[in-house]
Amino acid sequence: MAETTENMLAISAHAQLLAGEETPQITRPSSTRPDNLKKGGVVSDPRLGVELPGLKLKNPVMPASGTCWYGQEIARDYDLNRLGAIVLKTTTLRPREGNGQPRLLKSGEEWMNCNGLHNVGVEQLLADKLVWLEENYPDLPVIASVAGNSVEEYEQVATKLNKSSHLAALELNISCPNVKAGGQAMGVDPEVVEELTRRCVQASSKPVYVKLTPNVTDITTIALAAERGGAAGLTMINTLTGLRFDLASRKPILSNVTGGVSGPALKPICLRLIHQVRQVSDIPIIGVGGITSAEDVLEYLIAGAQAVQVGSASFTDPLALPKIISALPLVMDQYGIDNLSTLRGE
Ligand SMILES: Cc1cc2nc3c(=O)[nH]c(=O)nc-3n(C[C@H](O)[C@H](O)[C@H](O)COP(=O)(O)O)c2cc1C
């Protein structure tokens, strides 16, 4: 099919649901939901267990922030207990509508979005989303993603999230515009990253992971700044900024002009960035970018990650995560891997 703007914007209802867009009721053909993947079938292979600050994971795979909304949306497809953990949509102090449409498109094998952090806000997260997760999945580690337009806002969200005993950890999404610094992303300035991290670490009783943006000149300086600020670990990486034009109108397709690119093209870039950070820092890394298979997970662990997140692969295949998790022991057998930590040479 030719890659027209129309095709790029013809996003499946399923992808829209996971990205938090309003969608009609979805009916998926039963053939895409094998019974053994719908409910139960938790893979309990002790070789897959991973321990990170605040997180005891039965396997190293979790959905990436913004690609599983608040969990309820994927629970219709499979038992969330299959996951190592869940990372929720980034939360801000107040609810946000985000950018106008269009804000999600499929570009070749990749995806682009400029959702503008639409989310329900921290109060509803606490009163509703986290309560649902605690009632239905009491044993699933939950990571909340935090953002704001200023260091103070991050701190306020982190403080409020302390009310939830169900949260295992925080992840700081530092790709947000810093209003005081003229709108450049928080995550490009080492001083801001260090202060932001320190303030959230002080405000929170939970371990704080910092999610790095690849849109920087030297990611190692940012990683070290997060470490100095007291980060328990790093999540690498957020989306890479991109731009697509509509041939007919000669205008950018996405409402915000640019958007974050996700999907397979990020994998080699992210593996390189993790490898670079591993040369200067020993704190745990959760790798994310373009993962679609169990082999990809192992490659990330070889590069230096301890765990991974899977994002837009779920837009293409709703069962991407349980399939990857089920395949992991088989691929480990294939490569004679007894223990995930041996991949990193530990
Ligand atoms: C539609 C969409 C929304 C996203 N929203 C967030 C978000 O709210 N917070 C965040 O930290 N990352 C967000 N991301 C980035 C992902 O968490 C992940 O870092 C990125 O997509 C790369 O992983 P992938 O190639 O597996 O998709 C979003 C990505 C997509 C595609």
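Q: Why is C114 called buried?
A: C114 has 24 other C-beta atoms within 10 Å, so C114 is buried. A word on the background: this is a predicted model, where local features need pLDDT of at least 70, side-chain atom pairs count only at pLDDT 80 or more, and totals for chains, interfaces and linings use all residues. Residues are numbered from 1 along each chain as its sequence is written.

Q: Which residues does C114 touch, not counting residues up to four places away in sequence?
A: They are N99, R103, L254, S255, N256, T258, G259 and G260. Contact here means that the C-beta atoms of two residues, placed from the backbone, lie within 7 Å.

Q: What makes T239 count as buried?
A: T239 has 26 C-beta neighbours inside 10 Å, so T239 counts as buried. T239 sits in the loop between β10 (233-236) and β11 (240-242). Strands are DSSP runs of E, at least two residues, and helices are runs of H or I, at least four, numbered from the N terminus.

Q: Where does UniProt place the feature "binding site"?
A: The unreviewed UniProt entry lists K89, N113, C114, N115, G116, L117, N173, N238 and T239. Such positions follow the numbering used here, feature names are shortened, and annotations may be inferred rather than shown by experiment.

Q: Why does V61 count as buried?
A: V61 has 26 C-beta neighbours inside 10 Å, so V61 counts as buried. V61 lies in strand β3 (residues 61-63).

Terms used:
Buried ≥ 20, exposed ≤ 12 C-beta atoms within 10 Å, placed from the backbone.
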